[in-house]
Amino acid sequence: MIIDLPSTTTSQLNKKLVEIRDQGGQVALGRVLTLVIVADDDAKLEEAIEAANHASREHPSRVIVVAKGARTAAPRIDGQIRVGGDAGASEVIVLRLYGPLASQGQSAVVPLLLPDAPIVTWWPGAGPKAPAEDPLGQIAQRRITDSAAEKSPIRALTTRAKAYVAGDSDLAWTRLTHWRAQLVSALDLPPYEKITGATVTGEADSPSTELLAGWLAEYLKVPVKRIKSSSAQGIISVELERRSGAVDLTRPDGRVGTLTQPGQPTRRIALQRRSNPECLVEELRRLDPDEVYEASLNGLHKIAAPSTKATTSPSTSAAAKPKTAAKAPAKKAKAKAEKSAS
């Protein structure tokens, strides 16, 4: 059921929620948290709501969507309440804020929060540089961003790494769970040798590839090279160097990975790129700070840049030698002329 409340107020929305609970039995007692979604009022908004509905089946919650509309419009709030089949196992409140109200999301959200329930704020699109300093981030225990949704993913990831506060997280990190699990399980098999180096290859602007390299650099304490490629999306391969041979996990097609290592048969592994709903479900399973994510951010500055050797063309080299060699005879001739003149 979807109920539209154009040009409304937060008090009117709260009153309507009480009416719906009295009439249909929709209660807030079973909600485990409040999920605040902050996004622009565009075509991608429904995708974020669908992801929240999917996650609510494991984490029943009240979902408050702050949809920022046109900043030049007259100030108003268009409200919408979704319950039942249109809201998964949650109740969804959509706040479309226009004009100056578009930047006053916190004032609109606070009256609608569930009492004594944890708050998670999620920016499915472009998010703030410092999530903990954003008004809607300040009220939350967990703040979820997605560097992959930014115009400059790597720059956004680096900026947020500098502004990290306990409770911050990123869906670019959550997409690595299966990769990290496969690499750890591979090292549990013989031969049990020390890793001496690692190489991570992936798309040039893939923040997940950067975080995977940072994770390896921080925990393995070995040199990690980051190779940028344009042949595929996301992470392409990880190679862990050992004395008896490398552990190589490759996923060129974005779906199926191949794991090869000495003394073990080659294995094919399901490594399909994870969807936003799947990642959001995992993120909402824990509301405490993610220390491993924090450590991986610290490891970003330990990644070794790909070696780029300067090359000189044969023609340039040949042209340079005669010019250098010609300087000596010229100097001798000048010295001889000065001696004869004296």
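Predicted model: local features only at pLDDT ≥ 70, side-chain atom pairs only at ≥ 80, totals over all residues.
Begin with the largest pocket. Its volume is about 970 Å³. The lining counts 43 residues. Pro124, Asp146, Ala148, Ala149 and Glu150 lie nearest the centre of this pocket. Strand S2 (33-40), helix H2 (45-56), H7 and H8 are the elements that give two or more residues to the lining. H2 gives the largest share, 4 residues. Sorted by class, the lining of the largest pocket holds 18 nonpolar, 9 polar and 16 charged residues.

Stay with Ala149, one of the residues nearest the centre of that pocket. Ala149 sits in the loop between strand S7 (142-145) and H5. Is Ala149 buried, exposed or partly exposed? Its relative accessibility is 36%, so Ala149 counts as partly exposed, a class that runs between the 20% and 50% cut-offs. Setting aside residues up to four places away in sequence, Ala149 touches Pro124 and Gly125. Pro124 also belongs to the group nearest the pocket centre.

Next comes the second largest pocket. Its volume is about 150 Å³. Which residues line the second largest pocket? They are Ile154, Leu157, Thr158, Ala161, Lys162, Glu210, Leu297, Asn298, Leu300 and His301. The largest share, 5 residues, comes from H5. By class, this lining divides into 5 nonpolar, 3 polar and 2 charged residues.

Rolling a probe the size of a water molecule over the atoms shows where empty space is left. The structure holds 1 cavity of 30 Å³ or more. About 30 Å³ of space lies in this largest cavity. Pro131, Thr145, Arg160, Tyr164, Asp168, Ser169, Tyr293 and Leu297 line the largest cavity. Strand S8 (168-170) and helix H10 (291-298) are the elements that give two or more residues to that lining. The cavity lining splits into 4 nonpolar, 2 polar and 2 charged residues. Look again at Leu297. This residue lines the largest cavity, and Leu297 also lines the second largest pocket.

The largest nonpolar core comes next. This core has 31 residues. Leu211, Leu212, Leu216, Val224, Val238 and Leu240 touch the most other members. Helix H6 (171-174), H7, S9, H8, strand S11 (235-241), strand S12 (247-250) and H10 each supply at least two residues of the core. H8 gives the largest share, 6 residues. H8 also gives two or more residues to the lining of the largest pocket.

What does Leu216 touch? Beyond residues up to four places away in sequence, Leu216 touches Ala198, Val200, Lys221, Val224, Val238 and Leu240. Val224, Val238 and Leu240 are themselves among the core residues that touch the most other members.

Lys221, another contact of Leu216, deserves a look of its own. Lys221 lies in the loop between helix H8 (207-220) and strand S10 (224-229). Its relative accessibility is 59%, so Lys221 counts as exposed, which needs over 50%. Phi of Lys221 is near 55 degrees, a positive value in a residue other than glycine.

Ser7 also has a positive phi, about 45 degrees, although it is not a glycine. Ser7 is found in the loop between strand S1 (2-5) and helix H1 (10-24). With a relative accessible area of 54%, Ser7 is exposed.

One more backbone feature involves two prolines. The peptide bond from Pro190 to Pro191 is cis, with omega near 0 degrees. Pro191 is in the loop between helix H7 (177-187) and strand S9 (197-203).

Finish at Thr121. This residue is found in strand S6 (residues 119-122). Is Thr121 buried or exposed? Thr121 has a relative accessible area of 0%, so it is buried, a class that covers values under 20%. Neighbours within four places in sequence aside, Thr121 is in contact with Val36, Val38, Leu136, Ala140, Arg142, Arg143 and Ile144.

Note on methods. Residues numbered from 1 in each chain as written. Heavy atoms only, no water. Buried < 20%, exposed > 50% of the residue type's maximum accessible area, 1.4 Å probe, protein only. Contact = heavy atoms within 4.5 Å. 1 Å grid on protein atoms, 1.4 Å probe; cavity = no way out; pocket = protein on both sides within 12 Å on 5 of 7 lines; lining within 4 Å. Points joined across faces, edges and corners; volume = space filled by probe spheres on them. Nonpolar A, V, L, I, M, F, W, Y, C, P; charged D, E, K, R; others polar. Core = buried A, V, L, I, M, F, W, Y, C linked by side-chain atoms within 4.5 Å.
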